[in-house]
Amino acid sequence: MEDVAALVEVSRDPTLRQWVNSVVDDDADAARWVQAQQQGWAAGNRFGFAVLEAQPGSVRGQLLGNVALKEVAYGQPAAEVGYWTAAHARGRGVASRALEALTSWAFDTFEADGLERLELLHQVDNLASCRVAQKSRYDFDTILPAAPPSFPRDGHLHIRRRTSA
């Protein structure tokens with residue numbers, strides 16, 4: 001909950017709002033979003049991580065973004081990854097480093113549960129996400145048809161297999 005104010009500030013970015021499914025306009029929205037992340041951890045099917053940058057003289061780092069492992073289920077060979085980056089952190093390799101950390105953690109943590117591949121989806125016109133996927137060794141697999149309202153345009157599916165981790 002200590003990230004609520006930072007989440008509201010970061011969410012004002014029109015570029016970020018263009019790509020995310022959950023719009024955060026105020027502290028109440030941000031608190032609901034954080035609670036949804038906590039519920040995912042409790043249920044064991046969605047694991048979201050704040051991406052923070054250490055700040056000299058501060059106990060808490062600056063919010064740079066978020067990475068998440070989604071749709072995790074015992075015995076299922078695939079799960080989905082997602083991420084977003086704050087405007088002030090873009091162009092610094094934050095998303096690809098955070099995604100690499102999440103990928104390693106996911107394969108290490110869920111290997112015994114049968115996790116074999118991670119799927120990354122983004123809309124075809126989100127070129128920055130495509131570059132992050134490629135840089136993070138998520139191979140392009142196919143074009144997915146639009147599925148409004150949550151996925152209003154065609155998308156790319158990228159896959160990373162445990163054997164390439």
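This is a predicted model: local features need pLDDT of at least 70, side-chain atom pairs count only at pLDDT 80 or more; totals for chains, interfaces and linings use all residues.

Trainee: Which residues lie closest to the centre of the largest pocket?

Mentor: There are 42 residues that line the largest pocket. Of these, the closest to its centre are Trp-19, Val-20, Tyr-83, Trp-84 and Ser-129.

Trainee: Which element gives the largest share of the lining of the largest pocket?

Mentor: Several elements take part: helices H2 (14-19), H4 (94-110) and H5 (127-135), and strands S2 (62-70), S3 (78-85) and S4 (117-123), each supply at least two residues. By class, this lining holds 19 nonpolar, 15 polar and eight charged residues. The largest share, six residues, comes from S3.

Trainee: Now for the second largest pocket: how much space lies in it, and which residues are closest to its centre?

Mentor: The second largest pocket holds about 250 Å³ of space. It is lined by 17 residues, and the closest to its centre are Asp-3, Trp-33, Val-34, Gln-37 and Ala-50.

Trainee: Which element gives the most to the lining of the second largest pocket?

Mentor: Let's start with the elements that each supply at least two residues there: helix H3 (27-43), strand S1 (46-53) and S2. The contribution of five residues is the one that gives the most, and it comes from H3.

Trainee: How do the residues of that lining divide by class?

Mentor: Sort the residues lining the second largest pocket into nonpolar, polar and charged. The counts are nine nonpolar, five polar and three charged.

Methods: Residues are numbered from 1 along each chain as its sequence is written. Side-chain values use heavy atoms; hydrogens and water are left out. On a 1 Å grid over the protein atoms alone, a cavity is a set of points where a 1.4 Å probe fits but cannot get out, and a pocket is an open set with protein on both sides within 12 Å along at least five of seven lines; lining residues have an atom within 4 Å of a point. Helices (H or I, at least four residues) and strands (E, at least two) are DSSP runs, numbered from the N terminus. Ala, Val, Leu, Ile, Met, Phe, Trp, Tyr, Cys and Pro count as nonpolar, Asp, Glu, Lys and Arg as charged, and the others, Gly among them, as polar. Grid points are joined across faces, edges and corners, and a volume is the space filled by probe spheres set on the points.
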